[in-house]
Amino acid sequence: MATDKPDAPDKRPGVPSRNPLPLSASQESQVRDIFYARVRKQCAEEIKAFAACALGRTFTVSFACRAEHRVMNNCMKLHATPEEHDAAREEWFAMRMERHRQRERKAKMAVAQEEFIREWWGLPEEVRASKQRELEKLGQAERVGGMAAKDRPRGPDGSR
């Protein structure tokens, strides 16, 4: 009798990724940038070989550097796996707090500089209060996932 157990306990059918949390388009773009950088780092030697072959050529690159191009593409295909994409996504999540701290530092510095300019030029107090509200807004947690449109239907029947 055959059992219906999967071969490996860590493989889950139907789930394409280990971290299926939806991100906004700009956040996914940042994950993709990390993913591509990781793949390029693993294929650095092949990329350098192709670049060295292509140096000083224009039209003849596709003919003269065909072997180097194939080696480079095969390396990129070999390393551009869903597991590598998951690792890039995990790296993005690990760097979230650091990005948040950098944004806070930049915002505090910008507020301090604007405060100095406002005091120097004698600008009204309501302008200062608006900057304080922006700084408080920055202190809120980063939203992971896209923003829903306020007039988009929510349910399967089109209701809100």
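Is Leu123 buried, partly exposed or exposed, and what is its relative accessible area? Leu123 is partly exposed, because its relative accessible area is 35%, where buried means under 20% relative accessible area, exposed means over 50%, and partly exposed lies in between (1.4 Å probe, protein chains only). This is a predicted model, in which local features need pLDDT of at least 70 and side-chain atom pairs count only at pLDDT 80 or more, while totals for chains, interfaces and linings use all residues. Residues are numbered from 1 along each chain as its sequence is written, and side-chain values use heavy atoms, with hydrogens and water left out.

## The surface patch

Leu123 sits in the loop between helix H6 (96-121) and helix H7 (125-138); helices (H or I, at least four residues) and strands (E, at least two) are DSSP runs, numbered from the N terminus. Together with Phe116, Ile117, Trp120 and Trp121, Leu123 forms a nonpolar patch on the surface, and these residues have about 640 Å² of accessible area together. Such areas come from the Shrake-Rupley method with a 1.4 Å probe, and for residues only the protein chains shown count as cover. Patches are made of residues with over 30% relative accessible area and no salt bridge, like charges being joined within 9 Å and nonpolar side chains (Val, Leu, Ile, Met, Phe, Trp, Tyr) within 5 Å.

Helix H6 also holds His100, which counts as buried because its relative accessible area is 12%. When residues up to four places away in sequence are not counted, His100 touches Leu138, Gly139 and Gln140, a contact being heavy atoms within 4.5 Å.

## Helix H5 and its partners

Helix H5 covers residues 82-94, and its 13 residues reach 18 Å from the first C-alpha to the last, close to the 18 Å expected at 1.5 Å a residue; the expected span is 1.5 Å times one less than the number of residues. Within H5, the residues Glu84, Asp86, Ala88, Arg89 and Trp92 are buried. These buried residues pack against helix H1 (25-42), helix H4 (66-79) and H6.

## Salt bridges

The structure holds 5 salt bridges, each being a side-chain nitrogen of Lys or Arg within 4 Å of a carboxyl oxygen of Asp or Glu. In one of them, Arg89 pairs with Glu28, and the closest N and O atoms are 2.2 Å apart. Arg89 lies in helix H5 and Glu28 in helix H1, so this pair ties together parts that are 61 residues apart in sequence. Arg89 counts as buried, because its relative accessibility is 7%.

Another salt bridge joins Glu91 to Arg38, with the closest N and O atoms 2.7 Å apart. This pair links distant parts of the chain, since Glu91 is in helix H5 and Arg38 in helix H1, 53 residues apart. Glu91 counts as partly exposed at 28% relative accessibility, and Arg38 is partly exposed with a relative accessible area of 26%. Arg38, Glu84 and Glu91 are linked in a network of salt bridges.

Arg105 forms a salt bridge with Glu98, where the closest N and O atoms are 3.6 Å apart. Arg105 is partly exposed, with a relative accessible area of 49%, and Glu98 is partly exposed as well, with a relative accessible area of 32%.

## Disulfides

A disulfide is a pair of cysteine sulfur atoms within 2.5 Å, and by this rule the count comes to 2 disulfides. The table gives the sulfur distance of each pair.

| Disulfide | S to S distance |
|---|---|
| Cys43 and Cys75 | 2.1 Å |
| Cys53 and Cys65 | 2.0 Å |

The link of Cys43 and Cys75 is left-handed, with -95° about the S-S bond. Cys43 lies in the loop between H1 and helix H2 (44-54) and Cys75 in helix H4, so the pair ties together parts that are 32 residues apart in sequence. Both Cys43 and Cys75 are buried.

The link of Cys53 and Cys65 is left-handed, with -95° about the S-S bond. This pair links distant parts of the chain, with Cys53 in helix H2 and Cys65 in the loop between helix H3 (61-64) and H4, 12 residues apart. Cys53 counts as buried at 13% relative accessibility, and Cys65 counts as buried at 0%. With bonded cysteines counted along the chain, the disulfides follow the pattern 1-4, 2-3.
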